Amino acid sequence: MASRFGIPPQALLTATARRLEDAFWVAEEAAAQASLGAVVLEVRGAPRKLDLTATQRLHHRAAGAARPVFLLREAGHPEPTAAPVRLVVSPAPAGRRRTVSGPLTGSIGPPAFTVLISRSRTAIARTVTLEWNRNECLFHERPRIAAGRQDHGAMVSPP
C-alpha cells in the first residue's frame, strides 16, 4: 500500500501506543534518529494531554534533530500548540479527468483535498486545492477555476 504513495514499505517504521504519553515518547525518540527522514504522530480527537507543553517538547526535539515531525489530529478542534505551521485538510470535490484532448465530460478525476494554511510563522494564510497524481506519487496544486464555474465530482472520505 505505501509503495503506491512513493514510499517503499521497507522504509517505514511504525509503532502503535495505547497511551498518548507513550506515543509522544516514541515520536520524540524517533525525531532524534538520524536514520529517519520524518516522523508522523497521529492522534484521534482532542485528548487533554495534547497540550502546549507536550507539543513544545516535541517541537524542540524535532528542531534539534532538524527532522520534520507531523502531528496529525483527526477530528480535533483547533487548540494551542507549538507547531510552527497549522494546516487544515479537508476533502474537495474531484475535478474532471483530464485527457490529451482536454477534460472528459461526466468523469471523476483524481482525489482532491483543500488545504488551508491557518497558522504559519513564515507564510500568509491561504487555501489551495491539491490533487493526487498516482503516476508521479505526489500532489499538484489544482489550477484556480474561472468565476461561475464549479468542479463536479465525488469527494474522497475525510480519513
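On one side of helix H2, His60, Ala63 and Gly64 are exposed, where exposed means over 50% relative accessible area, buried under 20% and partly exposed in between (1.4 Å probe, protein chains only). Helices (H or I, at least four residues) and strands (E, at least two) are DSSP runs, numbered from the N terminus. This is a predicted model, in which local features need pLDDT of at least 70 and side-chain atom pairs count only at pLDDT 80 or more, while totals for chains, interfaces and linings use all residues. Residues are numbered from 1 along each chain as its sequence is written, and side-chain values use heavy atoms, with hydrogens and water left out.

**Helix H2**

- H2 has 14 residues and reaches 20 Å from its first C-alpha to its last. This is close to the 20 Å expected at 1.5 Å a residue, the expected span being 1.5 Å times one less than the number of residues.
- The buried residues of H2 are Ala54, Thr55, Leu58 and Ala62. They lie on the same side of H2 because they cover an arc of only 90° around the axis; the arc is that of the directions from the helix axis to the C-beta atoms.
- The buried residues of H2 pack against H1, S1 and strand S2 (69–74).
- Alanine 66, which follows H2, has a positive phi, near 55°.

**Nonpolar core**

- A nonpolar core is a set of buried Ala, Val, Leu, Ile, Met, Phe, Trp, Tyr and Cys residues joined through side-chain atoms within 4.5 Å.
- The largest such core has 13 residues, and Phe24 and Leu41 have the most contacts inside it. Helix H1 (20–31), strand S1 (39–44) and helix H2 (52–65) are the elements that give two or more residues to this core. H1 gives the most, with six residues.
- Phenylalanine 24 is in contact with Leu41, Lys49, Leu50, Ala54 and Leu58, leaving aside its neighbours within four places in sequence. Contact means heavy atoms within 4.5 Å.
- In soluble globular proteins, nonpolar side chains tend to be buried together.

**Strands S7 and S8**

- Strand S7 (residues 126–133) pairs with strand S8 (residues 138–141) in the antiparallel sense, over four bridges. Two strands pair if DSSP finds at least two bridges between them.
- Tryptophan 132 has phenylalanine 139, in S8, as its bridge partner.
- The hairpin of S7 and S8 has four residues between the strands, and cysteine 137 in this hairpin takes a positive phi near 55°.

**Salt bridges**

- The structure holds seven salt bridges. A salt bridge is a side-chain nitrogen of Lys or Arg within 4 Å of a carboxyl oxygen of Asp or Glu.
- One of them joins the side chains of glutamate 28 and arginine 57 (2.7 Å, N to O). Glutamate 28 lies in helix H1 and arginine 57 in helix H2, so this pair ties together parts that are 29 residues apart in sequence. Glutamate 28 counts as buried, at 8% relative accessibility.
- Glutamate 141 and arginine 126 meet through their side chains in another salt bridge (3.0 Å, N to O). This pair links glutamate 141 in strand S8 with arginine 126 in strand S7, 15 residues apart. Glutamate 141 is partly exposed, with a relative accessible area of 43%, and arginine 126 is partly exposed at 37%.
- Glutamate 131 forms a salt bridge with arginine 142, where the closest N and O atoms are 2.9 Å apart. Both glutamate 131 and arginine 142 are buried.
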